[in-house]
Amino acid sequence: MAEKKKTSEVKQPELVNEKEYQSPYTGSAEDLLKEMQQEISPEATPLWQYINDNAPKIAAIVISLVVLIGGYTFYSGYREGKIDDAKTQLARIVSKNDSAQILAELEQFKAGAPSELRLATELEIARFASEQRDFAKAEEAYRYVMQEEKYSALGITAAMNTAGIAAHQGKYEDAIKIYEDIVSHCPKDVQSVVYFQIGEMAEQTGNADKAVKAYQDGINLFENINATDVIFYQNRIKELSK
């Protein structure tokens with residue numbers, strides 16, 4: 001008959017009944033403090049004396065820090081909740097059908113919106129203002145994003161929209177300044193577009209030399225000399241050079 005396999009004996013942890021538990025130290029708090037002080041090396045005695053003498057102050061500082069951290073945590077949670085509510089409100093506003101009403105509500109929303117949503121709000125204002133052909137308001141909104149996000153992808157996009165709207169209003173010099181400011185910060189494929197826009201604006205102001213130079217700068221960025229844009233602007237240069 002095979003021998004029965006012995007099961008390993010595992011000692012179960014003993015639970016402590018808090019009612020029956022007694023501290024191994026039976027002395028007073030003052031006696032415990034003295035014993036701790038005796039165990040501290042002589043080198044650490046000044047530090048111990050400082051802690052002992054200033055214990056109430058140290059305790060007050062610790063409590064203050066705990067309260068401060070707790071307050072900040074509460075505020076952060078409260079702030080995140082406010083932002084989420086504002087995002088929901090913004091989404092509801094732009095989902096409506098009447099762009100004029102949307103634009104009016106966006107202006108009201110912007111006045112009390114969290115700063116984290118300011119850029120998103122300005123972009124929505126620019127979009128619906130353009131739909132309403134309120135180009136002054138659209139330009140103002142895009143210009144805000146352009147300045148806040150300077151030279152970032154979003155900032156460059158906003159700058160190009162700002163310049164485009166300025167040009168639509170006949171403010172060609174303003175458009176040229178914006179394009180010239182961002183062109184060196186644009187990706188190569190966007191730089192050619194910006195140079196061509198500078199040329200177009202320069203033509204509108206009657207500055208043929210500036211237009212020719214901008215068109216040529218844009219052409220120089222193309223590897224394919226047979227590209228449609230290259231051929232088109234080469235012809236423009238020929239016309240302006242007559």
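## Helix packing and an aromatic cluster in a predicted model

Helix α5 (residues 118-131) packs with α6 at an angle of about 150°, and their axes lie 8 Å apart; here axes are lines fitted to C-alpha atoms, for helices over the stretch in contact, and angles run from 0 to 180 degrees between N-to-C directions. The two helices α5 and α6 are therefore roughly antiparallel to each other, in a scheme where angles under 35 degrees count as roughly parallel, over 145 as roughly antiparallel, 65 to 115 as roughly perpendicular and the rest as oblique. This is a predicted model, in which local features need pLDDT of at least 70 and side-chain atom pairs count only at pLDDT 80 or more, while totals for chains, interfaces and linings use all residues. Residues are numbered from 1 along each chain as its sequence is written, and side-chain values use heavy atoms, with hydrogens and water left out.

The crossing of α5 past α6 is left-handed, a term used if the near helix is turned anticlockwise from the far one by less than a right angle, with right-handed used if clockwise. On the α5 side the contact includes Leu119, Leu123, Ile125 and Ala126, and on the α6 side it includes Phe135, Ala138, Tyr142 and Val145, where contact means heavy atoms within 4.5 Å. By class, the residues joining α5 to α6 are eleven nonpolar, one polar and five charged; Ala, Val, Leu, Ile, Met, Phe, Trp, Tyr, Cys and Pro count as nonpolar, Asp, Glu, Lys and Arg as charged, and the others, Gly among them, as polar.

Helix α5 also holds Thr121, which counts as buried at 0% relative accessibility; buried means under 20% relative accessible area, exposed over 50%, and partly exposed in between, with a 1.4 Å probe and protein chains only. Once its neighbours within four places in sequence are set aside, Thr121 is in contact with Leu90, Leu106, Phe109 and Lys110.

The contact of α6 with α7 is made up, by class, of ten nonpolar, four polar and two charged residues.

These helices belong to a chain that has eleven helices and zero strands, where helices (H or I, at least four residues) and strands (E, at least two) are DSSP runs, numbered from the N terminus. Of the 242 residues of the chain, 25% count as buried. Among contacts between residues at least 6 apart in sequence, 42% join residues at least 24 apart.

Apart from its neighbours within four places in sequence, Gln191 is in contact with Val183, Ser184, Cys186 and Leu221. Gln197 is also found in helix α9, but at 26% relative accessibility Gln197 counts as partly exposed. Gln197 and Tyr215 are 18 residues apart in sequence, and their C-alpha atoms are 8.5 Å apart in space.

Aromatic rings also link parts of the chain. Rings of Phe, Tyr and Trp (its six-membered ring) pair if their centres lie within 6.5 Å, and planes under 30 degrees apart count as stacked, over 60 as edge-to-face and the rest as tilted; by this rule the count comes to four aromatic pairs. One of them is the stacked pair of Phe196 and Phe222, at 6.1 Å centre to centre and with 25° between the planes. Phe196 lies in helix α9 and Phe222 in the loop between α10 (208-219) and α11 (228-240), so the pair ties together parts that are 26 residues apart in sequence. Phe196 is buried, with a relative accessible area of 4%, whereas Phe222 counts as partly exposed at 25% relative accessibility.

Phe196 also forms a stacked pair with Tyr233, at 3.9 Å centre to centre and with 15° between the planes. Because Phe196 lies in helix α9 and Tyr233 in helix α11, this pair ties together parts that are 37 residues apart in sequence. Tyr233 counts as buried, at 9% relative accessibility. Phe196, Phe222 and Tyr233 belong, along with Tyr215 and Phe232, to one aromatic cluster.
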